[in-house]
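Colleague: Please take a close look at a single part of this predicted model. I would like a connected account of its geometry, its side-chain contacts and what the record says about it.

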Amino acid sequence: MLKALLGINALMFVAELVLGVIAESTGLIADSLDMFADAAVYGLAFYAAGRSKGLQLKAAHLSGFLQIALALGVLLEVVRRFIFGSEPESLLMMGVGLVALVANVGCLLLISKHRNGGAHMRASWIFSANDVLANLGVIVAGLLVMLTGSPYPDLAIGFAVGLLVLNGGRRILAMKA
């Protein structure tokens, strides 16, 4: 199961990053980096599975630090695009957001039986649940960009995803074995 989660998130990271750059969308770029962090989390969870509770907690905490670092990078990108401007492509945002939503709902279904397991599995559940919220936000932001012609909804969702990821990292670092 963890290998499938790792594969889905790694594939979506690459797809969303490339298409996010093409679409000039901070929301998609933010979500792609979140997918990268998720892939790292699933890789660490796969490594920690069947090992001591202490090692599982260390793996979860490492993923929390990674989430925080990526969130800060996303927030800096939002500020950069706010200052220098961008013209996000709304249809691409919504289409990629929808594909990512399907992928993340699939991940949630795969991991749902294990969400109350060790710290590494609880961390994985948090990441997947956050991703579904982020995907919905990207889709709504894409619709608002289309309706208003403004890049601000994309910047807002990029900022919100950054904060969501930052909070997820904080929650994971607060976990106890």
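Modeller: A helix here is a DSSP run of H or I with at least four residues, and helices are numbered from the N terminus.

Helix 3 covers residues 53–84, which amounts to 32 residues. From its first C-alpha to its last it reaches 46 Å, close to the 46 Å expected at 1.5 Å a residue. The residue that follows helix 3 is Gly 85, and its phi is positive, near 85°.

A glycine of positive phi also comes just after helix 2: Gly 50, at about 80°. Helix 2 itself (residues 26–48) has 23 residues and should span 33 Å at 1.5 Å a residue, so the 32 Å between its end C-alpha atoms agrees with that expectation.

The structure holds two salt bridges. In one, the side chains of Glu 77 and Arg 80 meet at 2.8 Å, N to O; because these residues are three apart in helix 3, about one helical turn separates them. In the other, Glu 77 meets Arg 81 at 2.6 Å, N to O; here the residues are four apart in helix 3, and therefore again separated by about one helical turn.

Finally, the record. An unreviewed UniProt entry places the feature "transmembrane region" at several spans, among them residues 62–84 and 90–111. In the model, residues 62–84 are 100% helix and 0% strand, with end C-alpha atoms 33 Å apart. Residues 90–111 are likewise 100% helix and 0% strand, and their end C-alpha atoms lie 31 Å apart.

Definitions and conventions:
Residues numbered from 1 in each chain as written. Predicted model: local features only at pLDDT ≥ 70, side-chain atom pairs only at ≥ 80, totals over all residues. Heavy atoms only, no water. Helix = DSSP H or I, 4+ residues; strand = E, 2+ residues; numbered from the N terminus. Expected span 1.5 Å × (residues − 1). UniProt positions renumbered as here; feature names shortened; annotations may be inferred. Salt bridge = Lys/Arg side-chain N within 4 Å of Asp/Glu carboxyl O.
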